[in-house]
Amino acid sequence: MFVKKLDKNQSKVMQFVKTFASSDKSRPTLETVHFNTEYMVACDGFKLVAVDKPDDLKDLSGNFKTSKVKAGENYLELDEQDCNYPEYNNILPCLDEEKFIPSAKIGINPAFLADIAKFADPNKGIVITAYDKDTPIEVSGFIKQDRHDDPKRFYALIMPMKISNTDVFEPGK
C-alpha cells in the first residue's frame, strides 16, 4: 500500500483520473490507474484519459487501485495490482500521425459542451462535427426524456477558442 499526502490541486487531478477507471468488478485491470514514466492512464472500456503525473509521483510506475479520493481529502492510497494494462498506445491517434490525420484541432470551452451533453440522451449519444479550427463545431443528438415515444432532436453550435498548440497535451509528445 502506497500512501501519499497531496496538495489540493494534486487531489483534484487524482479525482479526475479516478473517474475514468472502471467500476466493473468483472474487469479488474480496468479498475486500476496505470502509471508509466510520464503520465497516468485510466480507462473504463468506453473512455480513456492520460494526465501528466504530479512531480512527486514521477518515480511511481505500475498499475494501482486507488482509494476514493474525496474532495477536501488530501491523502492518496494506492494498492499495486499484478496485472497487464491494455495496450492503449495502439489506439491513441496522436501517437500515429501517419495512420490518423486530424482534420482539425479545435479548442472549445468544456462547460459549453457539458451544457449540451447534460440534456442529451445517453442511450442515443451525440454527434460532434468539426470542420476547421476557426469554424464552430456542430453538436447534434436527441434530448433525453422520460417518454421515448416522441424523441426531440437538437442541433447546437459551439464557438471555437484560440488555444496555443503548446498548451495541448498529447501523450508521447
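These are my notebook entries on one protein chain, taken from a predicted model.

**Entry 1: the chain as a whole**

I began with the secondary structure, and I found two helices and nine strands in the chain. Reading along the sequence, I noted the pattern β-α-β-β-β-β-β-α-β-β-β. I then looked up burial: of the 173 residues, 31% are buried. The chain exposes about 11,700 Å², and carbon and sulfur atoms account for 53% of that area. I also looked at contacts between residues at least 6 apart in sequence, and 53% of these join residues at least 24 apart.

**Entry 2: the six-stranded sheet**

In which order do the strands of the open sheet stand? I read the order as S1-S6-S5-S2-S3-S4, with antiparallel pairing. Strand S1 (2-5) and strand S4 (48-52) are at the edges. Each of these two has a single partner strand, so one side of each lacks a neighbour in the sheet. I recorded an average twist of 30° from one strand to the next.

Next I looked up individual pairings. S1 and S6 are antiparallel and share four bridges; in this pairing Lys5 has Tyr75 of S6 as its bridge partner. S5 and S6 also run antiparallel and are joined by four bridges. S2 pairs with strand S3 (residues 39-43) in the antiparallel sense, over two bridges. There, His34 has Val41 in S3 as its bridge partner.

I then turned to helix H1 (residues 8-18), which packs on the sheet. Helix H1 touches S1, S2, S3, S4, S5 and strand S6 (75-81). Its direction makes about 160° with that of S4.

Is Thr66 buried or exposed? Its relative accessibility is 10%, and buried means under 20%, so Thr66 counts as buried. The bridge partner of Thr66 in S6 is Leu78. Setting aside neighbours within four places in sequence, I listed the contacts of Thr66 as Met14, Lys18, Val33, Glu77 and Leu78.

**Entry 3: aromatic pairs**

How many aromatic pairs does the count give? I found two, with ring centres within 6.5 Å as the condition. In one of them, the rings of Phe16 and Phe20 have centres 5.1 Å apart and planes at 70°. Planes over 60 degrees apart count as edge-to-face, so this pair is edge-to-face. Phe16 has 42% relative accessibility and therefore counts as partly exposed, whereas Phe20, at 15%, counts as buried.

The rings of Phe35 and Phe64 have centres 5.5 Å apart and planes at 90°, so this pair is edge-to-face as well. The pair links distant parts of the chain, with Phe35 in strand S2 (residues 33-35) and Phe64 in strand S5 (residues 62-66), 29 residues apart. Phe35 and Phe64 are both buried.

**Entry 4: lysines over rings**

Lastly, I looked for charged groups over aromatic faces. Lys47 lies over the face of Phe20, 5.8 Å from the ring centre. Phe20 is also a member of the pair with Phe16. Lys124 lies over the face of Phe142, at 4.8 Å from the ring centre.

Note on methods:
Residues numbered from 1 in each chain as written. Predicted model: local features only at pLDDT ≥ 70, side-chain atom pairs only at ≥ 80, totals over all residues. Heavy atoms only, no water. Phe/Tyr/Trp six-rings, centres within 6.5 Å; stacked < 30°, edge-to-face > 60°. Buried < 20%, exposed > 50% of the residue type's maximum accessible area, 1.4 Å probe, protein only. Lys NZ or Arg CZ within 6 Å of the ring centre and 35° of its normal. Contact = heavy atoms within 4.5 Å. Areas by Shrake-Rupley, 256 points an atom, 1.4 Å probe, with all protein chains shown as cover. Pairing = 2+ DSSP bridges. Axes fitted to C-alpha atoms, helices over the stretch in contact; angles between N-to-C directions.
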